[in-house]
2 protein chains.
Amino acid sequence: METDTRTRILDAAEQLFVRHGLDATTLRMITAEAQANLAGVNYHFGSKEALIEAVFRRRLTGLNEQRIAALTAFEEAAGGAPLKPRQIVEAFFGVAIRMAADRNGGQTFMRLLGRSYTEPTEFVRTFLAEEYAEVIARFKAAFFKALPDVPQEEFLWRFHFMMGALSYAISGTEALRMLGPIDDADPEALYARLMSFLIGGLRAPLPDSVAKHIAKPARRPRAKRAA
Amino acid sequence: METDTRTRILDAAEQLFVRHGLDATTLRMITAEAQANLAGVNYHFGSKEALIEAVFRRRLTGLNEQRIAALTAFEEAAGGAPLKPRQIVEAFFGVAIRMAADRNGGQTFMRLLGRSYTEPTEFVRTFLAEEYAEVIARFKAAFFKALPDVPQEEFLWRFHFMMGALSYAISGTEALRMLGPIDDADPEALYARLMSFLIGGLRAPLPDSVAKHIAKPARRPRAKRAA
DNA sequence: CCAAGATTAAAACATTCGTTTGAAACCATC
DNA sequence: GATGGTTTCAAACGAATGTTTTAATCTTGG
């Protein structure tokens, strides 16, 4: 036993939560997988709820710190000027995709996280809301500054949609198989694919109902479109 | 008691599954909500698993039939010519959004469905895969015909991302509140928002790694972009 | 080396779960 | 209005859950 019991339990719980969900994963499954005693969970964490929070907190805090660090770096390089939307997307979603590709780090965790935004369980939702509060505030401000012409409500919806696409990108490999044989082994390709899609969706023309109220300056030519 | 026990159980289960998830919803919660006896579930459906399948099947079959009907209508109007991507998106995602807005029909159900594509439970995934098999085959064929220049694997990923955005659009109102105060009461606005985002993502420039292999004809001018 | 604290172990705890049982109540048909 | 099939009901079933308890074991500082 090279690692201590506490981390073995966290690792086992993380894996099993991804495979079976939070509720369907029992403490006995976790302690068996971790080669620990059943009572160890309540000794080290206090309860199953507290264990779940610990599993999330262990990696989520670092992820959001990376996000904020990436955003801050862009902002300092820009020196007060608004960032390009692509940079903000990169800082938020790109960091997540990279973490999802890190086999030693949060690969399994990101699968879990991606499915948890819409988690029905009450305490998980409130817990995640607290963990995300700061990073969301920072990125909302950056986006609003970068896209002053887009109504804020409109943007929040698009951000929400982008979260959905991210969630499926990292957690939905099972659901993907429903679509047919597909290769999900290349994280670099996934990164490129998701970024293209997100930018495309973010910068799509506004719905007619709101677009007509907004005047737009000319824009520089862009790359060829997919379809 | 105007409706019969069987449908009261289905309705109660549907609501509670959305609110608490499949596992966390107990048969006793369901029968209490439905004002039915505990044994009624096993009498009418046989088991909890069978009840879950019945809840899904009751509305999912009709939804996918509507999708196929909408696609067929477009195809017949086109008379053998490839459809516009927008039409195919409308037939698949638009129908879903409309059903999600139908307060008397599948509003609560669509919330449940949106969260279930990434369901960890094994039998739900396999069950959904069967239910979706036909509609997926039809829409894949239509998309491939409409977008002959887009590599199929690339498109399947985009379709997957679009499913994620749809999922969040209809089921993630709780998660949305995390982003701040927002109005999710207007289904027409949601429809327009999601369609813009999906089309924008679908037609985004391909990632550089694949785009360089493809020559594209000129395209007609488009509406002003959001950002 | 040994006492004190931290950790692990085995067993049992009270609840709760999905399911089953067997009788009561209902309901249409003759 | 009796009959036979359908549905509801109260109660109990065994199994499994998270948690607690108590003792054994390991670890560590003096």
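Trainee: By class, how many nonpolar, polar and charged residues does the surface near DNA strand C have?

Mentor: This is a predicted model, in which local features need pLDDT of at least 70, side-chain atom pairs count only at pLDDT 80 or more, and totals for chains, interfaces and linings use all residues. Residues are numbered from 1 along each chain as its sequence is written, while chains are lettered from A and ligands numbered from 1 in the order in which they are written. A residue is near a molecule or strand if its C-beta atom, placed from the backbone, lies within 6 Å of it; Ala, Val, Leu, Ile, Met, Phe, Trp, Tyr, Cys and Pro count as nonpolar, Asp, Glu, Lys and Arg as charged, and the others, Gly among them, as polar. Counted that way, the surface near DNA strand C has seven nonpolar, six polar and two charged residues.

Trainee: Which element gives the largest share of the surface near DNA strand C?

Mentor: DNA strand C is surrounded by 15 residues, with T5(A), N37(A), A39(A), T26(B) and S47(B) the closest. Helices (H or I, at least four residues) and strands (E, at least two) are DSSP runs numbered from the N terminus. At least two residues each come from helix 3 of chain A and from helix 2 (27-33) and helix 3 of chain B. The largest share, three residues, belongs to helix 3 of chain A.

Trainee: Which element gives the largest share near DNA strand D?

Mentor: Of the 15 residues around DNA strand D, the nearest are T26(A), S47(A), T5(B), N37(B) and A39(B). Two or more residues come from each of helix 2 (27-33) and helix 3 (39-44) of chain A, and helix 3 (39-44) of chain B. The largest share, three residues, is that of helix 3 of chain B.

Trainee: How is chain A built, and what pattern does it follow along the sequence?

Mentor: Chain A contains eleven helices and zero strands. Along the principal axes, its C-alpha trace spans about 65 × 40 × 35 Å. Read along the sequence, the pattern of chain A is α-α-α-α-α-α-α-α-α-α-α.

Trainee: Which element of chain B gives the largest share of the side that touches chain A?

Mentor: Two residues are in contact if their C-beta atoms, placed from the backbone, lie within 7 Å. On this basis 64 residues of chain B are in contact with 65 residues of chain A. By class, that side of chain B has 35 nonpolar, 14 polar and 15 charged residues. The largest share, 15 residues, comes from helix 8.

Trainee: What relation do the two chains have?

Mentor: Copies are superposed by least squares on the C-alpha atoms of residues with pLDDT of at least 70 in both. Chain B is superposed on chain A by a rotation of 180° with 0.0 Å of shift along its axis (RMSD 0.0 Å). This is the relation of a two-fold axis.

Trainee: Is E134(B) buried or exposed, or something in between?

Mentor: A residue is buried if 20 or more other C-beta atoms, placed from the backbone, lie within 10 Å of its own, exposed if 12 or fewer, and partly exposed in between. E134(B) sits in helix 7 of chain B. Because 13 other C-beta atoms lie within 10 Å, E134(B) is partly exposed.
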